[in-house]
Amino acid sequence: MNTTNETARWSEPGTSRVPFWAYTDPSLYQRELERLFYGPHWCYVGLAVEIPNTGDYKLSWVGERQVIMVRDRVAPKDRESDPGIRVVENRCAHRGVRFCQPPMDGQVGNARSFVCPYHQWTYKLNGDLAGLPFKDGVKAQGAEGECVHGGMPEGFDMKQNGLTKLRVAVLHGLVFATFSEDTEPLEDYLGPAVMPWLDRIFKGRQLQLLGYNRQRIPGNWKLMMENIKDPYHPGLLHTWFVTFGLWRADQKSRMVMDAQGRHAVMISRRNDGGQSAVTEGVTSFKADMKLHDARLLDVVPEPWWTVDDPQNPGQTITPTVTMITLFPSLIVQQQVNSLSTRHIVPRGAGEFDFVWTHIGFTDDTPEMTQRRLRQANLFGPAGFVSADDGEVIEFSQDGFKQWGEDGATLVELGGTASGVGEPPTEHMVTETLIRGMYAYWKKAMDL
């Protein structure tokens with residue numbers, strides 16, 4: 001792709017008008033894979049709790065490349081410094097075979113080593129090549145006595161022919177990986193504005209796996225990142241949010257982004273809902289909507305919700321919701337008592353897979369675990385809230401394709417500035433987080 005021509009195509013200054021071709025151009029999408037997913041960025045691959053025992057593995061994705069997250073053997077002396085989690089590409093170094101085909105649901109398994117079925121090349125859990133048939137040839141009897149047929153050429157180095165190994169970083173049980181040696185340390189990548197909000201949920205707690213949802217959404221992957229950086233729509237699109245006070249424009253809120261604009265946290269505190277100035281003319285608000293089972297919104301405040309306010313030293317803050325977007329592939333959701341990670345896996349310019357992992361903590365009471373599972377019905381592919389998001393993302397992609405090259409989205413709520421480097425916005429009537437993301441995206445893409 002010609003960078004000069006692409007720069008000329010983005011005719012508007014700033015990022016308050018995002019051209020439709022940013023969501024539909026296949027060649028631009030290929031550059032996104034190389035620069036973002038396979039470049040110097042940390043991508044989410046899973047949770048440490050999903051592979052608790054040595055040899056446990058889970059298939060995951062970085063961009064369109066399938067990878068294996070695996071629990072390796074670690075010497076006792078190294079266990080304090082080495083979490084033992086490796087990530088390798090699921091592609092044999094010999095002939096490129098996607099060799100790992102696990103049993104059960106096709107996602108997880110346990111292995112002492114990895115063996116490619118095609119030619120029996122065998123790899124250690126850390127991706128090192130452990131052995132291969134006929135490396136030294138096959139002894140035979142010839143006319144002149146014993147000889148050797150075939151074999152690898154002299155100088156074949158086992159150490160140089162293992163699996164592609166990704167760099168791995170584990171934070172509070174969240175596992176990230178990168179193909180690039182140039183990617184900065186994970187905590188630097190996330191930044192001091194975002195880290196306190198991850199610490200709030202995860203630090204010092206052991207995760208408990210509750211279940212999964214998966215869906216394929218026919219829209220560009222960036223649209224989901226936008227959706228969770230967009231505080232404008234929840235109190236308008238989602239009947240449950242505006243009616244029951246889970247997320248509305250009349251709540252005390254804060255929009256946080258990192259110093260480069262790529263990551264963000266939307267923070268808010270639930271109110272009682274009901275009719276008010278922000279519901280006037282909002283068709284999704286249903287004043288007479290009642291729950292047949294009140295347990296679905298049986299919200300119980302948890303002690304860890306209240307933390308020292310990073311923006312106001314000496315004060316505390318108690319959000320009921322934090323939606324954390326970690327560019328390019330992860331969303332961490334805390335919506336009242338429901339907790340999940342959401343993994344974005346691109347599948348082309350016009351669709352992506354969305355994998356939900358619902359979690360709790362090992363010290364949860366049985367009642368809290370059940371509460372988390374009930375509230376998870378608001379989310380996932382058929383969730384009472386999240387089903388709306390998948391549908392409008394599809395509608396958006398259809399509109400982009402319908403209009404063609406010359407159209408652009410309008411992202412001007414709260415102004416046209418990107419907000420990068422500015423203090424957090426202390427309300428939700430803004431699209432600053434989306435503009436900030438595209439400021440970073442343009443830079444990373446050389447646009």
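Visitor: Which residues do ring pairs link into a cluster?

Guide: In this predicted model, ring pairs join Trp-10, Phe-20, Trp-21, Tyr-23, Phe-400, Tyr-438 and Trp-441 into a cluster. A search of the whole structure finds 19 aromatic pairs.

Visitor: Why is the pair of Trp-304 and Phe-361 called edge-to-face?

Guide: The ring centres of Trp-304 and Phe-361 are 5.9 Å apart, and a pair requires centres within 6.5 Å. Their planes stand at 90°, and planes over 60 degrees apart count as edge-to-face. The pair is therefore edge-to-face.

Visitor: What makes this a link between distant parts of the chain?

Guide: Trp-304 lies in the loop between strand S16 (264-268) and strand S17 (307-308), whereas Phe-361 belongs to strand S22 (residues 352-361); the two are 57 residues apart.

Visitor: How do you know whether Trp-304 and Phe-361 are buried or exposed?

Guide: Buried means under 20% relative accessible area. Trp-304 has 7% relative accessibility, so Trp-304 counts as buried. Phe-361 has a relative accessible area of 2% and is therefore buried.

Visitor: Why is the pair of Phe-352 and Phe-354 called edge-to-face?

Guide: The ring centres of Phe-352 and Phe-354 are 6.0 Å apart and their planes are at 80°, so this pair is edge-to-face. Phe-352 is buried, with a relative accessible area of 0%, and Phe-354 is buried at 1%.

Visitor: How many helices and strands does the protein chain have, and why is it called as compact as a globular protein of its length?

Guide: The protein chain has eleven helices and 23 strands. Its radius of gyration is 24 Å, close to the 22 Å that the globule rule gives for 447 residues, so the chain is as compact as a globular protein of that length.

Methods. Residues numbered from 1 in each chain as written. Predicted model: local features only at pLDDT ≥ 70, side-chain atom pairs only at ≥ 80, totals over all residues. Heavy atoms only, no water. Helix = DSSP H or I, 4+ residues; strand = E, 2+ residues; numbered from the N terminus. Rg over C-alpha atoms; globule rule 2.2 N^0.38 Å. Phe/Tyr/Trp six-rings, centres within 6.5 Å; stacked < 30°, edge-to-face > 60°. Buried < 20%, exposed > 50% of the residue type's maximum accessible area, 1.4 Å probe, protein only.
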